[in-house]
Amino acid sequence: MKTMTGVALALLMLAACGNERAEMNGEPAMDPQDLPVIGTDLVAPMDNAFCAFVPVDAENDDTGPYVLVTTVGDNAYHGYVSLDGEAVKLTEVEAGFGAGMETRRFVDEDESLELEAILLDGGDVDDRAVYTGSIRVIYPAEGEAVKFKGGCRLSGG
């Protein structure tokens, strides 16, 4: 029970972050309706992704289309999502771990958008770690979360 309360508290604290960054920078807060829509139609932009996540109601976890795909770059993790129907490359800028969950934050190339993925640990199956979770735009405003399921290879290679 304490773990679930801790996870719920962490999610509430993370949810409070969105428009505050814009307001602190003197920028007007963006209307969430003007944010790009995170799609569930991403075609994997590379072979052999490190992590791949499909919509939570998808029948197959392995073949897509995807919500989020990640790969390990030379110096950073990269993510790919579909925003308003176009594949967009993201760079991971922050990762947090604890209480059976991971929080990962990504920015687009010009850092005009920040997205947050929350992954809930579902254990290990065969050669991958299994997760459920969600991703949403958190800057310049808070957008709707898109729920997903999938997994990550247990080794970086």
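**Disulfide**

I searched the whole structure for disulfides, taken as pairs of cysteine sulfur atoms within 2.5 Å, and found one. The model is predicted: local features need pLDDT of at least 70, side-chain atom pairs count only at pLDDT 80 or more, and totals for chains, interfaces and linings use all residues. Residues are numbered from 1 along each chain as its sequence is written, and side-chain values use heavy atoms, with hydrogens and water left out.

The disulfide joins Cys51 to Cys152, with an S to S distance of 1.9 Å. Cys51 lies in strand 1 (residues 51-55) and Cys152 in strand 8, so the pair ties together parts that are 101 residues apart in sequence. I looked up the torsion about the S-S bond of Cys51 and Cys152: it is about 110°, so the disulfide is right-handed. A disulfide is a covalent bond between the sulfur atoms of two cysteines.

I then checked burial, where buried means under 20% relative accessible area, exposed over 50%, and partly exposed in between (1.4 Å probe, protein chains only). Cys51 is buried, with a relative accessible area of 8%. Cys152 is also buried, at 8%.

**Chain overview**

I counted two helices and eight strands in the chain. Read along the sequence, the pattern is α-α-β-β-β-β-β-β-β-β. Of the 157 residues in the chain, 40% are buried.

For contacts I used heavy atoms within 4.5 Å. Among contacts with a separation of 6 or more, 47% are between residues 24 or more positions apart.

**Strand 7 and its partners**

I looked at strand 7 (residues 128-139) next. Nine of its 12 residues are buried, so strand 7 is largely enclosed by the rest of the structure. Two strands count as paired if DSSP finds at least two bridges between them. Strand 7 pairs with strand 6 (residues 114-125) in the antiparallel sense over 10 bridges. Strand 6 and strand 7 form a hairpin with two residues between them, and Asp126 in the turn has a positive phi of about 55°.

Strand 7 is also joined to strand 8 (residues 146-153) by eight bridges, and the two run antiparallel. This hairpin has six residues between its strands. Ala129 stands opposite Cys152 in strand 8, and Cys152 is the disulfide partner of Cys51.

**His78**

I found His78 in strand 3 (residues 77-83). His78 is buried, with a relative accessible area of 16%. A polar atom of the His78 side chain lies 3.3 Å from the backbone oxygen of Leu90. Leaving aside neighbours within four places in sequence, I listed the contacts of His78 as Val69, Thr70, Thr71, Gly73, Lys89, Leu90, Thr91 and Phe106.

**Second largest pocket**

I looked up the second largest pocket and noted about 230 Å³ of space in it. Of the 16 residues that line this pocket, the closest to its centre are Ala49, Cys51, Ala52, Asp62 and Tyr66. Strand 1 and strand 8 are the elements that give two or more residues to the lining. Strand 8 gives the largest share, three residues.

A pocket here is an open set of points on a 1 Å grid over the protein atoms alone, where a 1.4 Å probe fits, with protein on both sides within 12 Å along at least five of seven lines; lining residues have an atom within 4 Å of a point. Grid points are joined across faces, edges and corners, and the volume is the space filled by probe spheres set on the points.

Definitions and conventions: Helix = DSSP H or I, 4+ residues; strand = E, 2+ residues; numbered from the N terminus. Polar contact = N/O pair within 3.5 Å; in protein donor to acceptor, adjacent residues only side chain to side chain.
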